[in-house]
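Please look through the sequence and the model shown here before reading the report.

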Amino acid sequence: MKARFRYRFYPTNQQQQSLAQLFGCVRVVWNDALALCKQSEKKPSSAELQKIVITQAKNTKERAWLGEVSCIPLQQSVADLDIAFLNFFNSCKGKRKGRKVGYPKFKKKTNSQSARLRMGGFSFKGNGVYLAKIGIVNPVWSRKLPSTPSSVTVIKDLANRYFLSFVVEVEPVQVEAKNPSIGIDLGIKTFAVMSNGEQAKSPSYKKLDRKIRGLQRQLARQPVSSKRRNKTRLQIAKLHNQIADTRKDFLHKLSTKIVNDNQVIVLEDLNVSGMVKNRKLARAISQQGWYEFRVLCEGKSEKLGRELRVISRWEPTSQTCSDCGFKWGKLDLSIRELICLNCGTHQDRDLNAARNINQVGIGHCHDSLSDTERR
């Protein structure tokens with residue numbers, strides 16, 4: 001299986017200028033190819049697009065500067081556009097699993113920038129990485145690469161941070177799990193309640209979010225293309241990165257612990273797009289990263305030989321007693337604890353839901369009707 005390993009690096013001033021030129025060329029090639037596809041009745045092939053927007057464009061006065069950078073990331077930009085169209089067509093036909101993929105969009109200078117290089121466009125020089133026509137950059141090696149990478153992507157985010165993202169082949173590892181299965185109920189204040197009684201509280205983003213809102217109001221009042229507006233935009237990007245980094249760190253640590261300890265992980269298929277329509281909870285729900293947590297669990301389960309199961313969102317996990325199976329019906333969100341009318345067991349709402357998720361996931365769910373209801 002393939003995995004990505006990302007490392008931060010700090011380019012020199014000269015390398016920053018060279019990278020800015022590379023990002024601009026990659027962006028222009030993508031936009032020219034996309035504009036050509038929109039004008040054509042039938043989408044041109046990747047080879048035809050490369051010939052028009054790279055080879056022939058270099059011979060014109062308007063695009064002569066494309067020859068000042070390596071041709072490898074330019075070719076990869078056209079290849080990535082071809083993949084983007086393939087994903088869009090497969091999504092429209094229902095051949096692609098997951099969320100629907102939209103039509104490819106034009107790249108903007110104000111968004112994060114990236115350029116992908118395959119073998120031949122980069123090589124290792126001691127502790128550094130040589131990038132074609134850029135020079136040797138020295139990433140911060142926080143961990144070793146498990147194998148030789150097939151490609152590397154140079155990334156510059158909105159906060160002007162630079163990263164190298166390597167694609168490597170990783171061998172699955174078979175490790176015995178401590179527990180046979182676990183059910184997880186995801187929430188807002190308490191991010192995850194496990195069927196074994198453990199809880200994981202989500203980090204608080206309130207202070208950073210309050211700063212972002214204030215800066216966004218300030219940004220709206222500033223003139224376009226002014227230095228102050230660009231400075232405020234950079235401050236907002238740094239705060240957003242701080243929230244994203246805190247969330248990623250929390251999700252990575254939690255998902256690693258859960259996947260290492262349990263053979264079967266059971267999650268609920270949440271309708272997040274429908275839940276965020278509640279304007280009172282939309283911001284809090286969006287900051288949790290429930291889908292990102294699910295993706296991390298899927299990848300790590302595949303690596304360690306675990307099994308991830310996702311039950312239907314229509315399962316009444318919060319409406320059924322996990323001890324006797326008595327169905328008490330829909331509850332208001334303000335009710336966090338209750339006593340079962342059938343067996344008299346005191347139930348915590350989230351822990352009860354997690355136990356039901358685990359039971360449904362492993363196939364040991366209660367009957368839909370209890371003995372009392374049958375009578």
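## Basis and overall layout

This is a predicted model, in which local features need pLDDT of at least 70 and side-chain atom pairs count only at pLDDT 80 or more, while totals for chains, interfaces and linings use all residues. Residues are numbered from 1 along each chain as its sequence is written, and side-chain values use heavy atoms, with hydrogens and water left out.

The protein has 10 helices and 14 strands, where helices (H or I, at least four residues) and strands (E, at least two) are DSSP runs numbered from the N terminus. Along the principal axes, the C-alpha atoms occupy a box of roughly 85 × 50 × 50 Å. Of the 375 residues, 40% are buried; buried means under 20% relative accessible area, exposed means over 50%, and partly exposed lies in between, with a 1.4 Å probe and protein chains only. A contact means heavy atoms within 4.5 Å, and among contacts in the protein with a separation of 6 or more, 68% come from residues 24 or more positions apart.

## The four-stranded sheet

Four strands make an open sheet in the order S1-S7-S6-S2, and their pairing is antiparallel; two strands count as paired if DSSP finds at least two bridges between them. Strand S1 (2-9) and strand S2 (113-118) are the edge strands, each pairing on one side only. From one strand to the next, the twist averages 20°, an angle that rests on axes, which are lines fitted to C-alpha atoms (for helices over the stretch in contact), with angles running from 0 to 180 degrees between N-to-C directions.

Within this sheet, strand S6 (residues 151-156) and strand S7 (residues 162-169) run antiparallel and are joined by six bridges, and Ile-155 stands opposite Phe-163 in S7. Helix H1 (residues 13-39) lies across S1, S2, S6 and S7, and runs at about 90° to S2.

## The three-stranded sheet

Another open sheet has three strands in the order S3-S4-S5, with antiparallel pairing. Its edge strands, each pairing on one side only, are strand S3 (122-125) and strand S5 (135-137), and the twist from one strand to the next averages 30°. Three bridges pair S4 with S5 in the antiparallel sense, and Val-129 has Val-137 in S5 as its bridge partner.

## Two crossing helices

The axes of H1 and H3 come within 9 Å and cross at roughly 40°. The two helices are therefore oblique to each other, since angles under 35 degrees count as roughly parallel, over 145 as roughly antiparallel, 65 to 115 as roughly perpendicular, and the rest as oblique. Residues of H1 that meet H3 include Leu-22, Val-29 and Trp-30, and those on the H3 side include Leu-74, Leu-81 and Phe-85.

## Nonpolar cores

In soluble globular proteins, nonpolar side chains tend to be buried together. A nonpolar core is a set of buried Ala, Val, Leu, Ile, Met, Phe, Trp, Tyr and Cys residues joined through side-chain atoms within 4.5 Å. The largest such core here has 37 residues, and those with the most contacts inside it are Leu-19, Leu-74, Leu-131, Val-154, Leu-164 and Phe-166. H1 gives the most to this core, with 10 residues. Apart from it lies another core of 20 residues, among them Leu-186, Ala-192, Leu-267 and Cys-297.

## An enclosed strand

Which strand is largely enclosed by the rest of the structure? Strand S11 (residues 262-268) is, because six of its seven residues are buried. S11 pairs with strand S8 (residues 179-186) in the parallel sense over four bridges, and Asn-179 stands opposite Asn-262 in S11. S11 also runs parallel to strand S12 (residues 307-311), to which five bridges join it, and Leu-267 has Val-310 in S12 as its bridge partner.

## Two residues with positive phi

Asn-160, in the loop between S6 and S7, has a phi near 65°, a positive value in a residue other than glycine. Asn-160 is partly exposed, with a relative accessible area of 38%. Ser-225 is not a glycine either, yet its phi is positive at about 70°; this residue is found in the loop between helix H4 (206-221) and helix H5 (227-261), and it is exposed, with a relative accessible area of 72%.
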